[in-house]
Amino acid sequence: RHLALCERDVMYIQNEILDILHLGCWKESECETVDDTDALLKEFVSVAVEEKIFEREDGAYYTDKIMGILSLSPSGIDEAFAKVLAEKGSRDATEWLYEYSVANNYVKKAVLDKNPRFDRNGLVITINLAKPEFRDPNKAKSGNSVAGGYPKCVICRENEGLASRNKCTLRTVSLNLDGKPWFWQFSPYGYFYQHGIAVNCEHTPMKIDRQTFVNLLDCVDQFPHYFIGCNATLERIGGSVLAHDHYQGGGEVLPMHNAKIRVPLTLDGFDDLDFGILDWPGTVVRVSGKDKAKIIDACDKIRIAWKDFTDESQELICRSERGQHHSVSPTVVKRGDTYEVSVILRSN
């Protein structure tokens with residue numbers, strides 16, 4: 001009912017599950033409908049361990065495997081998403097995909113709902129108890145590469161359905177950003193509501209250049225109810241997977257997006273855009289306006305200026321023998337027909 005399993009496929013899936021569990025047969029019995037997937041899977045693991053079908057430590061593998069074959073195929077997900085998108089629009093389409101990802105247990109909502117959250121004076125702090133951050137900058141640089149080289153890293157599309165990484169339930173949908181193939185998936189351990197990742201189909205290193213702004217604005221044109229942003233391409237203070245180009249976003253307006261302008265700015269040649277430094281703990285330049293091409297040009301001018309900016313009196317050094325130290329983290333929201341780009345200045 002929740003995973004769009006076709007009646008015609010029930011016997012086939014049944015037999016697949018028997019094979020996974022090394023069982024020869026089964027008996028039909030009365031059972032009540034359960035909506036709590038997490039509770040159902042916990043009960044399943046307990047019974048299977050009791051019946052000596054598998055060891056408790058193998059529970060995650062078997063639940064992932066079974067929920068994976070109960071789920072629609074990747075092409076089926078793409079088709080269903082496209083249908084909702086065409087008939088009801090992007091908000092309903094992403095809502096459908098998110099609910100599906102929760103129902104098939106890829107998004108661990110029961111775990112996420114237990115994360116502490118503090119909302120005070122315009123700042124939100126969440127503590128993600130589900131998954132630790134990558135702390136090794138070398139791993140981030142390599143993209144947390146996978147042993148054996150397949151897939152090339154942990155966010156490549158080849159992870160979809162990969163049992164060895166408990167990705168049998170991972171489902172993605174195809175995106176097109178400025179004419180290039182990308183895909184979207186939700187994070188199983190999100191930091192905010194409907195935390196998703198837009199990933200380049202090509203395994204290519206993260207970069208921030210003019211094309212980054214083009215892609216981000218194209219993304220909010222397609223999904224105006226989401227924000228989208230890119231981590232800085234710097235070790236230690238940047239993305240945790242620097243080896244694969246990707247952006248992150250989702251369905252929650254972050255506190256920074258509601259921050260007011262503290263210092264208005266102007267930029268020659270861009271009189272029809274609004275600029276300002278935000279009233280925010282980090283240094284953020286907001287660029288807003290309706291002219292997409294001019295916003296892209298203005299943001300790229302800011303990026304280049306900061307990338308090459310040095311002021312040794314403030315201990316700001318753009319690059320040294322250890323490499324590049326300055327970059328930006330841009331995030332974009334769309335309010336009506338107005339784009340707001342927050343260019344966060346970063347330095348390691």
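## A helix across the sheet

Contact here means heavy atoms within 4.5 Å of each other. With that in hand, let's look around this predicted model. Helix H5, made of residues 90-103, lies across strands E3 and E4. Against E4, helix H5 runs at about 50 degrees.

## The sheet itself

E3 and E4 belong to an open sheet of 10 strands, paired in the antiparallel way. If you walk across the sheet, you meet the strands in the order E3-E4-E5-E7-E6-E13-E14-E10-E9-E8. Strand E3 (173-177) and strand E8 (261-265) are the edges: each has a single partner strand, so one side of each has no neighbour in the sheet. Ignoring direction, neighbouring strands are turned by 25 degrees against each other on average.

Now zoom in on one pair. Strand E4 covers residues 180-186 and strand E5 covers residues 196-200, and the two pair in the antiparallel sense over five bridges. Here Phe 183 sits opposite Val 199 in E5.

## What about the cysteines?

A disulfide is a covalent bond between the sulfur atoms of two cysteines. How many disulfides does a search of the whole structure find? The count is zero.

Take Cys 153, which is in no disulfide. Its nearest cysteine sulfur belongs to Cys 156 and is 3.7 Å away, while the cut-off for a disulfide is sulfur atoms within 2.5 Å. Is Cys 153 buried or exposed? Its relative accessibility is 0%, so Cys 153 counts as buried. Cys 6, on the other hand, has 38% relative accessibility and therefore counts as partly exposed.

Note on methods
Residues numbered from 1 in each chain as written. Predicted model: local features only at pLDDT ≥ 70, side-chain atom pairs only at ≥ 80, totals over all residues. Heavy atoms only, no water. Pairing = 2+ DSSP bridges. Helix = DSSP H or I, 4+ residues; strand = E, 2+ residues; numbered from the N terminus. Axes fitted to C-alpha atoms, helices over the stretch in contact; angles between N-to-C directions. Buried < 20%, exposed > 50% of the residue type's maximum accessible area, 1.4 Å probe, protein only.
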